[in-house]
Structures are given as C-alpha cells and as structure tokens.
Amino acid sequence: SLTSPEATRSWIAVDAGSRDGVTKALTVVSAGGLVGRVVSTGPWTSDVLLVGSADLTVGVRVGRAGTLGSITGAAGERPRPAGQLSLELVQRGTVAVGDPVTTMGSAGGRPFLPGIRVGTVSAVDAARGQLAPTAAVTPAADVTTLDIVGILLSTPRTTPRSPTQGTSG
C-alpha cells in the first residue's frame, strides 16, 4: 500500500524499503503501466518519483516502428491538459494518435526496464519548424488513484514477506 498522493505531488511513499531489497533507481509499475522510479529508500519505506513529474524524463519507444523519444511531465513550449505527458521524438520518424508508448529501457535495467507501457499518444502537435514531432500522451497508469504498485527488483528478496490473506464480502 502507499500514501494517498495529492494532485500536485510528484512523489509517493511506498511500504517497501531496503529490508525488502529495494534500492534507488528501480522501476515502479501498477497494473496499468509505468508509475515511476525509486529515488530514495529507508529500511521500511521508499520514495517514488512519479511519471508526469517535471523532474522525471523517461526514454521511450513510440508506435510499431519503435521510434525513440522522451516523455516528461513538463509542458515546455506546448501547454498540456492536466494529467497529460509531453512526448518529444529524438530521432526522425512519425507519431500518430493511438500509438503506444513504452519504455526504451536503461543500461542494466536501471532506472527503467524495457517494454513497460507508459501511455498512448492522444494528440500530435502541429509542426513548428522542429526536426522531430512532439505530442501529448495519456499515461497508462493514473498516479492520482494508485492503490497497489510493484517495484521491479533485479534480485529476489532475502527474507520472504508474509502472504496476504484476502477477505470476502
């Protein structure tokens, strides 16, 4: 579980820490897709910088061709509606509404593993003399309504967690 994020907050605290094998620069996901990356850890908790934060840039692949780009929460020159991400291609290519956006991956899988769903292109910006297109992306994970997240560890835990018992009714 995690603390309830406020609309303007760019991070959350999760109840897994160094005693669980969590270290800085690990990928954090939800059932929807990419949530963010671990930025600090304590023995029992960790802080996660959320996708959509102006402080987080994610290398991505766009569409079937896997065109390289980057995603950020900063609007830059293009104002974005609340909750939208900004996409900028970093190589020549095309982008279209409906294109899937996934993580490119990082050296050693840190901070991002490849192929994790980031979102879907929702609008393509009109060209203004830039070399590569820019676009708006609807995130795959709604970071304002998170309940359960997973931290993708590179090694298994040394001490297993107690199993969670579901409740009925």
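The structure is a predicted model, in which local features need pLDDT of at least 70 and side-chain atom pairs count only at pLDDT 80 or more, while totals for chains, interfaces and linings use all residues. Residues are numbered from 1 along each chain as its sequence is written, and side-chain values use heavy atoms, with hydrogens and water left out.

I begin with the overall composition. The protein has zero helices and eleven strands. Here helices (H or I, at least four residues) and strands (E, at least two) are DSSP runs, numbered from the N terminus. Of the 169 residues, 37% are buried; buried means under 20% relative accessible area, exposed means over 50%, and partly exposed lies in between, with a 1.4 Å probe and protein chains only. The accessible surface comes to about 9,400 Å², and carbon and sulfur atoms hold 54% of that surface. These areas come from the Shrake-Rupley method with a 1.4 Å probe, and for residues only the protein chains shown count as cover. Among contacts with a separation of 6 or more, 56% join residues 24 or more positions apart, where contact means heavy atoms within 4.5 Å.

Five strands form it in the order 1-4-3-2-11, with antiparallel pairing. Its edge strands, each pairing on one side only, are strand 1 (11-14) and strand 11 (150-151). Two strands are said to pair if DSSP finds at least two bridges between them. In general, strands of a sheet pair through backbone hydrogen bonds, either parallel or antiparallel.

Within this sheet, strand 2 and strand 11 are antiparallel and share two bridges, with Val 28 opposite Ile 151. Strand 2 is also joined to strand 3 by three bridges, again antiparallel, and Thr 27 has Arg 37 of strand 3 as its bridge partner. These two strands make a hairpin with four residues between them, and Gly 33 in the turn has a positive phi of about 155 degrees. Strand 3 then runs antiparallel to strand 4 (residues 46-50), with five bridges.

Ser 30 sits in the loop between strand 2 (27-29) and strand 3. Is Ser 30 buried or exposed? Ser 30 counts as buried because its relative accessible area is 17%. Leaving out residues up to four places away in sequence, Ser 30 touches Val 35, Ala 141, Leu 146 and Ile 148. Ser 40, by comparison, is in strand 3 (residues 34-41) and counts as partly exposed because its relative accessibility is 27%. With the residues up to four places away in sequence again set aside, Ser 40 touches Lys 24, Ser 46 and Asp 47.

I now move to strand 5. In a regular strand, the side chains alternate between the two faces of the sheet. Six bridges join strand 5 to strand 6 in the antiparallel sense, and Val 58 stands opposite Ile 71. The two strands form a hairpin with four residues between them, in whose turn Gly 63 has a positive phi of about 70 degrees. Strand 5 is also antiparallel to strand 8 (residues 100-103), through three bridges, and Val 62 stands opposite Val 101 there. Thr 67, in strand 6 (residues 67-72), counts as buried because its relative accessibility is 8%.

Finally, the cores. A nonpolar core is a set of buried Ala, Val, Leu, Ile, Met, Phe, Trp, Tyr and Cys residues joined through side-chain atoms within 4.5 Å. Which members of the largest nonpolar core touch the most other members? They are Val 60, Val 62, Ile 71, Leu 87, Val 101 and Val 121, in a core of 21 residues. Strand 5 (57-62), strand 7 (85-89), strand 9 (117-124) and strand 10 (134-139) each supply at least two residues of this core. Apart from this core lies another, of 14 residues, among them Val 22, Leu 26, Val 28 and Leu 50.
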